[in-house]
Amino acid sequence: MLASSPVRPAGQRFARIPPRHAAPVAAAAAVSFCAIFFSGGFAVAPLVWIGGIALLVAALVSAAALLDVLPAPRLDAPAAVFLGCLFGLALWAGLSTTWSLSPDRSWMYTNLTLVFAGFALLGALISPLLSRVTRLAGAAAVLLGLVIAWALLAKCVPTLYADYGRVARLRAPVTYWNELALLCDVAVPLALWLAASPARRPVVRATGVLLLCGASVTVLLTYSRFGVVLACAAAAAWLLLDRDRVESLTALALGAGGGSALFGLALTLPGITKDMQPHAVRVRDGWVFGAALLGTFALVALVAFQLGRLQARRPLTAPRRDRLERIALLAGLAVAVAGVAASIAFGGRLWHEFTNPVSSQISSTSGRFASVNSSNRWRWWNEEWQGFTAHPFGGTGAGTFELTDRRLHRSPLVTTEPHNVPLQLLGETGIVGFLLYLGGAAAAIVAVVRARRRATGGERAGVTALGVGLAAFLAHMVVDVDWNYVATCGPLLLAAGALTARGITVEPRARVRRPLLAAAALLFACGGVYSLAAPWLAQRDLASLSAASAKRAHTWDPLSTDALIDAAAFEADPLRAERLYRQAVSLEPQSSETWYALGQFYADNKAWKLAYDALSKAWSYDRFGPAGVPCGA
C-alpha cells in the first residue's frame with residue numbers, strides 16, 4: 001500500500017526546488033529542448049549526442065539516487081510495468097537482430113527504443129524532485145510555446161528556413177509536418193489549462209490564449225488532417241474533464257478563432273502557403289504574415305486580458321454557468337450527431353476513397369483537407385500485416401519494413417515505415433514486441449488515471465492537461481511514424497515517465513547506499529552510448545570512399561552490408577571480393593541491394609550465369625529497383 005504524501009505547510013507550498021534537486025531537473029529540460037530543436041528529424045548524428053546525453057543523465061541521476069544523494073522514487077505497479085515494458089521492448093528489438101531481414105536496421109531501431117526508454121526513466125527519476133506537477137505542465141507549455149514561436153517565425157523570415165520555398169508545409173524545427181502537428185496537439189490542453197482557471201492572474205490566462213492561438217494556426221499550416229482532428233479531440237476531452245468549461249470555451253473562441261483567421265489570411269499569400277516560390281515572394285509575404293501575426297496576437301491577448309479582469313471583478317453565478325454549459329453541451333451533441341449521420345450516409349464513399357490504391361499519394365497542399373485518402377497508408381498497413389502473418393512470433397526484425405515494402409510494392413514509391421507504430425511493432429517484432437508495447441501503453445494509462453484521482457485542485461488540472469496531451473500522442477502513433485523522431489517521442493515519453501510517477505512517494509527510511517548498482521547503471525549507460533556511436537562512426541568512415549575506411553567501418557559496425565560492399569569494391573583479389581559480397585548477402589538475404597551488388601560483380605567478371613541468378617534475385621525483392629531498369633544490368 002502506498003503511503004500518502006506529506007502535506008506541506010502553506011508557507012512552503014510554492015517553495016523553490018532545492019539547488020541539489022534543480023540540477024537534474026534542469027538537465028532533463030535541456031535535453032528535451034535539444035531533442036526538439038536539434039535532432040534534425042530522423043538523423044543518426046544528432047541521435048548519438050542527444051540520446052547519449054539522455055542516457056548518461058538518466059544514469060547519473062539513478063546513481064545519485066542509489067547512493068542516497070537524491071530522493072529515490074518508489075515505483076508502484078503501473079509505473080514499474082511502463083518502464084519495464086519500454087526497456088523490455090528495447091531488449092527484444094536488440095534480440096531481433098539475430099533473425100532480422102536487416103540486422104543493421106534492427107540495431108538502429110534498438111538504439112532508438114533504448115533512447116526513448118532512457119527519456120522515460122529520466123522523467124520518472126525527476127518526478128520526486130518536483131514539488132508539484134504544475135511545474136512539469138508549466139515547463140511543457142513554455143517549451144511548446146518556443147517551438148510554435150520558432151515555427152511561425154521561420155515562415156516570416158525566410159533565411160531561418162530556406163526550404164519553405166520548395167515545400168510550404170510548416171515543419172520547422174522538427175523537419176516533419178505531422179510531428180510538428182503532434183506537438184501542437186499536445187499544446188492545446190496545456191494552453192487551456194493556463195487560460196481556463198479563474199484563480200489565475202489575467203496575464204497568465206491571456207498567455208494561455210496566445211499559446212492556443214499559435215497552436216491553432218501552426219497545426220493548420222502543417223496541413224496535417226489527423227493533427228487538426230486530434231487538436232479538436234484534445235479540446236473536447238479537456239472540456240469534458242475540467243470544471244471551468246465556460247472559461248475554456250471562451251479561450252477556445254478567442255484562440256482558435258484568431259488562429260483560423262490567420263490561416264485564412266495565409267491562404268491568400270503565395271509566399272506562405274504555396275510551393276516553389278521565389279525568395280522575393282517569400283520575403284514580401286513573410287512581412288505581411290508577420291505583421292498579421294503580431295496584430296492578431298496583440299488583439300487576442302488584449303481581449304483575453306480584459307475578460308480575465310472582468311471575470312475577476314464579476315464572477316459568473318452558478319445558475320448562469322450551468323445555463324451556458326447546457327447550451328454548449330447541446331451544441332456539441334448536435335455537431336456530433338451531424339458527424340455520425342454524415343459518416344453513415346457517406347461511409348461507403350469515404351471508405352473507398354480511404355483505401356483507394358490508385359493515385360493514393362495526395363499533394364502536400366491545403367487541398368489535403370478536402371480528402372480522406374489514406375495517402376498510401378492502407379497499402380503499407382496491408383504489407384506490414386503480410387509481414388506479420390509470415391513471421392508471427394518474432395517478426396521480420398526491428399526497423400525492416402522497407403525490405404517488406406520493396407518486396408510487395410506495386411509502384412516506385414518506397415517508404416521506410418508503415419505509418420502505424422503498433423502495426424509496425426507487430427510486423428517487425430512479432431507478437432512479443434506488440435504485447436510489450438500494449439503493456440507499456442496500458443500501464444501508462446492506468447498510472448495517469450491514478451495520478452489524476454489522487455490530485456486535487458490545481459494539481460488535478462495540471463495532470464489532466466498533461467494526460468490529454470499524452471493521449472493525443474498515443475492516438476497519433478496509429479497513423480504516423482512517431483517512433484522515428486526523438487523530437488517528439490523523447491520529451492513526450494519523459495513527461496509520461498514523470499506523470500506515471502506522480503503516485504510515487506518517497507517514504508522515510510534508513511540511509512542505504514548501493515554503490516554496485518550505481519556503478520552498473522553508469523556502465524549500462526556507457527554501453528548504450530557505444531551502441532549509439534558505432535553505426536554513426538561506420539557511416540562517417542564510409543563517406544571517405546577508401547579501402548581502409550571501409551575496413552574501419554566494418555570494424556565499427558559488423559552488421560553493415562554497406563561496409564562489406566564497399567570493402568569488396570576496393571578488393572583486388574576476386575575471390576576475397578566474392579567472399580565479402582556473399583557475406584553481405586548472408587546478412588540481408590532478402591535485400592535487393594545486396595543481391596544487385598553481387599550480380600554486378602559477377603557481370604563485371606563475365607560470370608554470366610551467376611550474374612543472371614543474382615540479378616534475378618535482386619529483381620524479385622524489388623521490381624522497381626535498379627535490377628528492374630529496362631536494358632539495365
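This is a predicted model: local features need pLDDT of at least 70, side-chain atom pairs count only at pLDDT 80 or more; totals for chains, interfaces and linings use all residues.
Colleague: At what angle do the axes of helix 4 and helix 18 cross?
Modeller: Helix 4 spans residues 103-126 and helix 18 spans residues 515-542. Their axes come within 10 Å. The crossing angle is roughly 140 degrees.

Colleague: How many charged residues are in the contact of helix 4 with helix 18?
Modeller: On the helix 4 side the contact has Trp107, Met108, Asn111, Leu114 and Val115. These meet Phe524, Gly528, Ser531, Leu532, Ala534 and Pro535 in helix 18. By class the contact residues are 8 nonpolar and 3 polar, and the charged ones number none.

Colleague: Is the crossing of helix 5 and helix 7 left-handed or right-handed?
Modeller: Helix 5, residues 133-156, packs on helix 7 at an angle of about 50 degrees, with the axes 10 Å apart. That angle makes helix 5 oblique to helix 7. The crossing of the two is left-handed.

Colleague: Which residues of helix 7 make the contact with helix 5?
Modeller: Helix 5 brings Ala141, Gly145, Ile148, Ala151 and Leu152. The contact residues of the two helices divide into 8 nonpolar, 3 polar and no charged. From helix 7 come Leu211, Gly214, Ala215, Val217, Thr218 and Leu221.

Colleague: How is helix 1 oriented to helix 5?
Modeller: Helix 1, residues 19-38, has an axis that comes within 11 Å of the axis of helix 5, and the two cross at roughly 20 degrees. Angles under 35 degrees count as roughly parallel. Helix 1 is therefore, to helix 5, roughly parallel.

Colleague: Which residues of helix 5 meet helix 1?
Modeller: Helix 1 passes helix 5 in a right-handed crossing. Ser32, Phe33, Ile36 and Phe37 are the residues on the helix 1 side. The contact has 7 nonpolar residues, 1 polar residue and no charged ones.

Colleague: Which helix gives the most to the lining of the second largest pocket?
Modeller: The second largest pocket holds about 820 Å³ of space. Of its 29 lining residues, Cys232, Ala235, Ala236, Leu239 and Leu252 are the closest to the centre. Helix 7 (202-221), helix 8 (225-241), helix 9 (245-266) and helix 12 (318-355) each supply at least two lining residues. With 9 residues, the one that gives the most is helix 12.

Colleague: How many residues in the lining of the second largest pocket are charged?
Modeller: The nonpolar class accounts for 23 residues of this lining. The polar class has 3, and the charged class also has 3.

Colleague: What is the volume of the largest cavity?
Modeller: The count comes to 1 cavity of 30 Å³ or more. The lining of the largest cavity consists of Ser39, Gly41, Phe42, Ala43, Pro46, Leu47, Leu112, Asn484 and Val486. By class these are 6 nonpolar, 3 polar and no charged. The volume of the largest cavity is about 40 Å³.

Colleague: Where is the cis peptide bond that has an omega of about 5 degrees?
Modeller: Pro173 takes part in the bond, and its place is in the loop between helix 5 and helix 6 (177-196). The cis bond joins Pro173 to Ala172.

Colleague: What value does phi of Tyr223 have?
Modeller: Tyr223 is found in the loop between helix 7 and helix 8. Its phi is positive, in a residue other than glycine, and the value is near 60 degrees.

How values were computed. Residues are numbered from 1 along each chain as its sequence is written. Side-chain values use heavy atoms; hydrogens and water are left out. Axes are lines fitted to C-alpha atoms, for helices over the stretch in contact, and angles run from 0 to 180 degrees between N-to-C directions. Helices (H or I, at least four residues) and strands (E, at least two) are DSSP runs, numbered from the N terminus. Contact means heavy atoms within 4.5 Å. Ala, Val, Leu, Ile, Met, Phe, Trp, Tyr, Cys and Pro count as nonpolar, Asp, Glu, Lys and Arg as charged, and the others, Gly among them, as polar. On a 1 Å grid over the protein atoms alone, a cavity is a set of points where a 1.4 Å probe fits but cannot get out, and a pocket is an open set with protein on both sides within 12 Å along at least five of seven lines; lining residues have an atom within 4 Å of a point. Grid points are joined across faces, edges and corners, and a volume is the space filled by probe spheres set on the points. Angles under 35 degrees count as roughly parallel, over 145 as roughly antiparallel, 65 to 115 as roughly perpendicular and the rest as oblique. A crossing is left-handed if the near helix is turned anticlockwise from the far one by less than a right angle, and right-handed if clockwise.
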